[in-house]
Amino acid sequence: MEAFTTHTGRAVPLRRGNVDTDQIIPAHWLKKVTRDGFEDGLFEAWRKDPEFVLNRPERAGATVLVAGPDFGTGSSREHAVWALQNYGFKAVISARFADIFRGNSLKNGLLTVVLPQDTVEALWKLTETDPTAEITVDLVAREVRAEGITAPFELDENARWRLLEGLDDISITLRHGDTIDAYEARRPAYKPRTQAA
Amino acid sequence: MGRTLAEKVWDDHVVRRAEGEPDLLYIDLHLLHEVTSPQAFDGLRKSGRRVRRTDLTIATEDHNTPTLDIDKPIADPVSRTQLETLRKNCAEFGVRLHSLGDSEQGVVHVVGPQLGLTQPGTTVVCGDSHTSTHGAFGALAFGIGTSQVEHVLATQTLPMAPFRTMAITVLGELPEGVTAKDLILAIIARIGTGGGQGYVIEYRGEAIEKLSMEARMTICNMSIEAGARAGMIAPDDTTFAYLRGRDHAPQGADWDEAAAYWRTLRTDDDAVFDHEVVIDAAELAPFVTWGTNPGQGAPLSQEVPDPASFADPNERLAAEKALEYMGLSAGQKLRDITVDTVFVGSCTNGRIEDLRSAAAVLEGRTIADGVRMLVVPGSVRVALQAVEEGLDKVFTAAGAEWRHAGCSMCLGMNPDQLSPGERCASTSNRNFEGRQGKGGRTHLVSPQVAAATALTGRLASPADLADVPTPVEV
Ligand code: SF4
C-alpha cells in the first residue's frame, strides 16, 4: 500500500448524498478477476450523461472527490474502493461515510476525510466556481486546506499511523516475520504438506 | 479449568498474542479455488510478494467447471476467464493445482480430505464458507474473504477474532433410515440459521461417534448454515482409520507421533462450553426443507407449516415470503410436493457413501416420468470409485444422468441450473432464492430421500417405496 502523507489536487464536486456502492461500481463489474481496470465502471450509470460532473473536460485529472453525506452505503464490495483508486482518486471528502466502505478505503490506502457539511458546501462552491482550485489533504497536520478554507479533521491514531507508513494488514503481519519463522521452526514434522517446499 | 477441543487447536496455532489485538494464528492448510482467489493473487503481484508456503497450499477447479463435454472449450467467457486466471496464477506462484481433466480434480472440500491433507488438530482455511467441512477431522476450519486469502498466501497466518464455544450433543443412536443430513437439517431447524453466530460448534455424543467420516463431514459442512464460525468433531479411531495410508497422511514414526498428539484433542471433562444443546437421536426422522433458508425444514411426514404459527414476527414474515417463492401453501403435505429435478452431489453429499446410498435405493428401479435426475460426484476420485463399483450403471439404468465432478447445480455457476419455477430435491446445502438458478425452488434432502423422490416424483423416503413396483428378476 502506498503511504499517504499529504496530497494536493483538483477536485470533483459530487453534489449527491447517499451514494451507495452499487452506484459507485455496479454488480456486473464484480466478475472481473483483477483489482484494477475498474475505472470505466466508476459511477457507470451516471457517466452515460455527458453533463455528469466526472465527464466534464475541466475535471480530467482531478484526484479529490467531494461528495454528499452517507457515501459508500450498501453492499460491502471492496471493488468500490478499487474503482475510485483506479480512476485516480486519492482522497474522498464527505460529511458521513458508511462504516464498511470507510474500513475498506483505509485498508486500501484511499483516505476518507470526514468534514462538517458546511465545509463540504464551501468546498463545492469553491471548486464549482473555479475548477482549477486545488485542495490539500494533509494527513500529517490532519487538515484540509483550500483557498479561504482551513478545516481540521479526525482519524483514529491506528488508521492514521498505517496510512502514513503505507502499511496494510499484510505489511503489519510481516513485521512479525521473525515470530512467524520461530513458530514454523517449532511446527511438528508430521504436519501435512501439499508438495515439496 | 479444562479446555475445549476448539480452544486446544486454537492455542496450538497462536503465533503472536498481544494485548488489545487479535491473535495471529498459523494456518496449516490453505485451499484455493477459482472464484475467490484472483484478486488475492493480483494483490500479491502488485506488492511484489510471493506465496510464503506453497507446500501448505493447494488449488482445485470446481465452481465453474462443466459436468458435460469437459474436453470442449468452456462456453461462458466469465467461467473460462476465472479458470484460466487460476491456472496462470498457480503456475506463476508455484501453487499445486488440480485442473479440470486431472484425476484429483473436484470440489475443494472433497479433495482436501480424500488426499489426507485435512488432519486432526490442523487449521484449515479457504475462501469458501463450506470450509467448515474439514472440522469433521478435529481441524479448526474457517471460510475467509478474498483479502484474507491474500493475507494467508503472503504470511501463512491470519489475525483472528476470538470465538465462543457451543456443544451440540446428540444422545442415543440415529434410527434406521435417518442419516447425517437429516440430523444436521434438524439441528439447524432447531437452533436457527443465526443460532451458531460467533460460535465454534463441537458435535458430540453417541450418535456422532457412531457416524462414518463422510457422514461427519456432512454434519460439519452445514455448520455454516447455522451461522457458526466452524464445526468440529473430536478425532477418534474412525478418523484415524480413514486417514491411514492416504497420500498425505503421516507415515511410520511420524504417524505414531501424530496419532499421539491427535489423541489429546478432546474436550477436557471439566471444560465449560458457552452454550449447550442436547438432541435426542431417537426423535429424528427423514427431514426436508420447505422454505428458502436451511433452517426452514420439517420431518418429511409433516405438512408445510402455517406462517401464522410462528410466534416471532420476523420468522413469520420469512415463512410467508418463502411459501410464496416456493409456490407452496400452508397445510400441504410435504409428501405431496412434486419435483421436476433431483440433484445428488455437492460438498455436503457428493462423496462415495452418498452415491452408494442413493444407488442402493435406485437399484433395479426407474425414476418417475418427467423427472430429471443429475448425479454429480464430488471429485474425480469419487467418480472413479463409483464406476469401479458399478454405481454409474445403476444411475444410468434408472434413468439418471451421470456427470463429471464439480459443484454443478449446488450453485449453478456452470450450465447446470434450474429454470424459473422448476422444483428440485437437492442433496446440497443452500435453498436460497435463485441459488440453483433464477426462480428455481430447492428442497434440501439426504441422498436416500433424493433417490426415493426421483422414483416417485414427489418428496419421499425409501420407506415410502414399498408400493413402487420393482421389476421381476430374470
Ligand atoms: S459444492 Fe456447493 S457449497 Fe460446496 S464448495 Fe461447491 S458451490 Fe460451495
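What is the mean pLDDT of chain B, and what share of its residues reach 70 or more? The mean for chain B is 95, and 98% of its residues reach 70 or more, where pLDDT is the predictor's confidence in each residue, on a scale from 0 to 100. The model as a whole scores ipTM 0.93 and pTM 0.89. This is a predicted model, in which local features need pLDDT of at least 70 and side-chain atom pairs count only at pLDDT 80 or more, while totals for chains, interfaces and linings use all residues. Residues are numbered from 1 along each chain as its sequence is written, chains are lettered from A and ligands numbered from 1 in the order in which they are written, and side-chain values use heavy atoms, with hydrogens and water left out.

Chain A can be taken next. Its secondary structure comes to eight helices and seven strands, these being DSSP runs numbered from the N terminus, with at least four residues of H or I for a helix and at least two of E for a strand. The C-alpha trace of chain A spans about 70 × 40 × 25 Å along its principal axes. Of the 197 residues in chain A, 50% count as buried; buried means under 20% relative accessible area, exposed means over 50%, and partly exposed lies in between, with a 1.4 Å probe and protein chains only.

In soluble globular proteins, nonpolar side chains tend to be buried together.

Two loop residues deserve a separate look. Most residues other than glycine have a negative phi. Asn18(A), however, has a phi near 55 degrees, a positive value in a residue other than glycine, and its place is in the loop between strand S1 (6-14) and helix H1 (21-24) of chain A. Asn18(A) is partly exposed, with a relative accessible area of 48%. Asp69(B) also has a positive phi, of about 45 degrees, although it is not a glycine. Asp69(B) is found in the loop between strand S4 (57-60) and helix H3 (77-93) of chain B, and at 48% relative accessibility it counts as partly exposed.
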